[in-house]
Amino acid sequence: MDFVSPVLDTVKCLWDCCDKRAVYIRELPENLKSLRTEMAELEAVCKDVKKRVEDERKLQKEIKHVVTGWIDSVEEMKREVNDILTEGEDEIKKKCLGTCCPRNCRASYEIGKMVSKKINAVSQLYRKANNFQEVAASLPTPPVSQVAAPLPTPPAIEAGAAPPPPPAPAVIELPLENTVGLDSLSEKVWRYLQDDKVTTIGLYGMGGVGKTTLLKSINNEFLKTNIEFDRVIWVVVSKPASVEKVQELVLRECGCLDNRWKGRSEDEKARDIYNILKTVKFILLLDDIWEPLNLLKIGFPLLNDQNKSKVIFTTRFLNVCEAMGAESIKVECLKFKEAYALFQTVVGEAALNSHPRIPKLAKIVVEECKGLPLALKIAGAAMRGKTTPQDWEKNIKLLQSYPSEVPGMENDLFRVLALSYDNLSNAKWPKTKSCFLYCSMFPEDWEISCNQLIELWIGEGFLHEFRKIHDARTEAEKIIDELTLACLLESNQSKTHVKMHDVIRDMAMWLAGENGKKKNKCVIKEPGGWIEGHEIAEWKETQRLSLWDNSIEDSSEPPNFQNLETLFASGESMRSLPTRFFACMPVIRVLDLSNSELTDLPAEISTLITLHYLNLSKTEIQNLPVELRNLTELRCLILDDMEKLETIPSQLVSSLSSLQLFSLYASLGCYGDWGFLLKELEKLKHVSEISIPVRSVLHAQMSVNSKRLRRSIRRLSLQDCTGMKTMEISSYLQILQMWRCFDLTDVKINLEKERGHKLSDLSEVEIVRCPKLKHLTFVAYARNLLSLTIGYCESMQEVIVEDEEIGISEVEQCSDAFSVLTTLRLSYLSNLRSICGGALSFPSLTELTVKHCPRLRKLPFDSNTNRLRKIEGEQHWWDGLEWEDQAIKHKLNQHFVPK
């Protein structure tokens, strides 16, 4: 019988195991009920905590991270529990016919086990709430007492002056719209208000973004908090603004009756305001400023950390903030979640819940508004009451194609946004408006190259007053800056590209069509479409036509474009042009066929004798037609990255007598030596900007020996110049590229030849596979260098060499060299020991790449190298670096990415 005991033990063990699993299955219904109850109790506690958090935020207190983290955990738990409850209920329904047994024991066991664990997790979260005796930490007390302190009686002023006004209430509550998404900005403003060193705060951003709503919410907060200001003064400035207008508004706000100051001069009113406020701690809220205001001239006492008075204002212009010495806070468009929440409050739950498809359609509307609060409110109001998907789809189509026809868009949105456009008429440069409208020609959300945009403006004649392209570029850059400061364009961090907010673009297209009256004046087709012949026939009056990435149906009759001045036919979908497409374009100035898959140009292009700008970059064209020589009015010819280009007919370029800009630049393509074109370009008296690849020593020398070429070449690519040992570069270069110059030992700049003109325009240098090149000391003169790439230069031991003969002193090295450099790439430099002799600050460097540079043991960084965000290299190289200051290594270590 000895064998019986082990068998019984095994059976008992199996029974225990099965019984434990059976519990999960058997008790699943009861556990689901317990989980639902536990979760309901947790949600109730969470609501109480959220209410306490909301109350503390109103008192300007900082919420503890442990509390916000707990709330997030509860929200996540709620989602998980809901999913489990749904699964559990479904599993209970799946019983075997006529029994209480589950069909799938394994699935029921897994869900039962999960439910049991969730009950414990929910209980644990519930218990943690007991620790929240306090949910916030007190911030420094924000401004202004609820009850206004009585204003001190000002000293007597000269005879005839207005007597002091009666006391006015400290704060007047203002009607306020929904403040979704403004909490973080409001908290930032309050932090500045509590900083005695900050006297002026500027809230800036595009029209309709919520600046006034934010300022009103700050005003109303003074009613809810214990504040220390004697008076809050609210003034809407708007246009036109004058010192006298603002003075009168301020006097009224201070409780002065009109008869006390009517008829008095500006100086007298300024004295009145000064005497009223000089012993008062006030906060001035100025809404809708369009130009800098002289507060002293208006009569306000000087703001300082003694009187602790403050000014907060709203404006659409960053330069207004700068001119008024304000701490600038940009009010951005809402993120999608916040935008959808705002849209919900406007459109109403009844409309959103009227059909299952409508919430998805609502998200499309919100996407179209791109987070602009004013657009969301108007779109929401237009959709309120719409309860069928058909109504929503109809309005969405209208919003996407003809937004000005959506109710409220024209009067309440576009006309509000257009005030920024109207203000451009006061700008120094009168063409700014035309330049702004032109940006709407690009597709939605398009990153517009500033370089391309400027060249198009030149081709259009917007900058015709400038004889040299360089001067036109300088003025165009000012226009871009002005449009960016006015929040009509958005710039990327490196300022190489700009972007137009979708709603601003819609407004610009509406303006370009004369406030929507002439829809076909400027036709912009969104990418990816098919254009039929009958559509083209409707564009007889069109002046500007953008067919970005569209295909065009061929037609037996050539299109009639009598008024067409601008044609964009770019993008991969553009594989061919209809027959005789260019036959009737008598006034065209700009033709952009770039990035298309066109393989040839029709001969009738020779009829476009009014053409100023032609861009064939990144096309598949192999041969330029000789007929192009008829385009004697052409000012800009751009042939960049045409990797399949084989022939340019002799004397074609020299026939273009009006040419100012010629570009045949490519990163690595464009095979063949195009240096012969230098002789033709040298004959053109108007040419002032050239970009060209050169593949022979003879033509490389020609590029610097000719004064006209030396001063005109902006982008130079030297490739495969075998036999060239020394290269003297022009100090007018913007981009220099040198590839496979195997005999090159030195690159120099002749400062005497340029009368002291240094490499102030050089922004990008790329040197690859020049194995005998020993250094690049000339880049120390390139004070505006943004990007430096060096690879496979085996003889290079130091990038910048301190050498009296070369003319670079240690002082010169350390003053400005690399001061604006953002990108540095070093690869396969087997003998490189250092970048330069001493330490440099590299204050703008954001990206450093070092690969296979085994002897580079030190980096020339100091404590001012603060912007580095990415360092790529081998781990063993990084670990072996020598640091004079370990604090610098510690600071940079977080940005290192091993490769």
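Across the whole of this predicted model, a search finds 22 aromatic pairs, where rings of Phe, Tyr and Trp (its six-membered ring) pair if their centres lie within 6.5 Å, and planes under 30 degrees apart count as stacked, over 60 as edge-to-face and the rest as tilted. Phe 818 and Phe 842 are a stacked pair, because their ring centres are 5.3 Å apart and their planes stand at 20°. Phe 818 belongs to the loop between helix H26 (810-815) and strand E27 (823-827), and Phe 842 to the loop between E27 and strand E28 (847-851), so the pair ties together parts that are 24 residues apart in sequence. Helices (H or I, at least four residues) and strands (E, at least two) are DSSP runs, numbered from the N terminus. Both Phe 818 and Phe 842 are buried, meaning under 20% relative accessible area with a 1.4 Å probe and protein chains only.

Elsewhere, one aromatic cluster is formed by Tyr 438, Phe 442, Trp 446, Phe 462, Trp 548 and Phe 568.

Charges also meet rings: Lys 281 lies over the face of Phe 229, 4.9 Å from the ring centre, and the charged end of Lys 433 sits over the ring of Tyr 421, at 4.9 Å from its centre. A charge counts as over a ring if NZ of Lys or CZ of Arg is within 6 Å of the ring centre and within 35 degrees of the ring normal.

Residues are numbered from 1 along each chain as its sequence is written, and side-chain values use heavy atoms, with hydrogens and water left out. Local features need pLDDT of at least 70 and side-chain atom pairs count only at pLDDT 80 or more, while totals for chains, interfaces and linings use all residues.

Notes. Buried < 20%, exposed > 50% of the residue type's maximum accessible area, 1.4 Å probe, protein only.
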